[in-house]
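Here is a short tour of a ligand site and the sheet beside it in the account. Have a look at the model first, and then we can walk through it together.

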Amino acid sequence: MKILSAFFILGLLPFNPALAVDTEHLSQQSRAAAKALGSELKATLQAAMKASGPLDAITVCNVDAPNIAKRISAGKGMKVARTSLKFRNQTNSPDAWEKSVLNQFEQRKAKGEPVNNLEFSEVSEVGGRKVFRYMKAIPTGDVCLKCHGSNIAEPVAAKLNSLYPDDKATGFNKGDIRGAFTVIQDIN
Ligand code: HEC
């Protein structure tokens, strides 16, 4: 028995590949989930902007964006959301881990790394659970400036103000990091 336990403790446990965390696979799954959310948000926003302009498109971001994130999260069995250092909705405020990754993204951008390449993942802990966390930066494009820039047209600005009195997500320029997709997967 003793020999067997020693074998388990010293031999089997550390080298059993089934017990090791396959971070490459988890990264790929997270990346795919972030991409799914990004593509659907982009398509929905573009369609609404084209059909009725930024004032009505606010509803897409306000109502549809959280619902799309919830549906994709449920479908993929992981938490997929958006966050930012300068957030519009308090619900999207970063936790300590996300904040440090967003700051790391800003530093990497300042050193010349393209915003599109900025991603980071790590095995971490949330509420005592071992989890795999992943983030990918979201660049600010032209279309984003209509609601996140410095010169937001008046009816749009007024509607944003009434929905989000503590809005921090304005004053962005093209090419800035608007925020990031953030993914949490449980590891068993
Ligand atoms: C029609 C107005 C509008 C446009 C255009 C728009 N957004 Fe937003 N954005 C919003 C609103 C409203 C929210 C708050 C959503 C919520 O309540 O969860 C938001 C939230 C976000 C968030 C989540 C973090 C936060 O600030 O709460 C990110 C990230 C984001 N937008 C990125 C973008 C990017 C990137 C673009 C351009 C591709 C863009 N947005 C274009 C209105 C807009």
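Which strands does α2 lie across?

## Helices on the sheet

α2 lies across β1, β2, β3 and β4, and runs at about 55° to β1. Helix α3 (residues 96-110) packs on the sheet too, touching β1, β2, β3 and β4, with its direction at about 40° to that of β3. Contact means heavy atoms within 4.5 Å; axes are lines fitted to C-alpha atoms, for helices over the stretch in contact, and angles run from 0 to 180 degrees between N-to-C directions. Helices (H or I, at least four residues) and strands (E, at least two) are DSSP runs, numbered from the N terminus.

This is a predicted model: local features need pLDDT of at least 70, side-chain atom pairs count only at pLDDT 80 or more, and totals for chains, interfaces and linings use all residues. Residues are numbered from 1 along each chain as its sequence is written, and side-chain values use heavy atoms, leaving out hydrogens and water.

## The sheet

The open sheet has four strands in the order β1-β4-β3-β2, with antiparallel pairing (at least two DSSP bridges between two strands). β1 (79-83) and β2 (119-126) are at the edges with a single partner strand each, so one side of each has no neighbour in the sheet.

## The ligand

His148, in helix α4, is the only protein donor of the ligand's iron atom, through NE2 at 2.1 Å. Donors are N, O and S atoms within 2.8 Å of the metal (3.2 Å for Na, K and Ca); water is not among the atoms, so sites may look incomplete.
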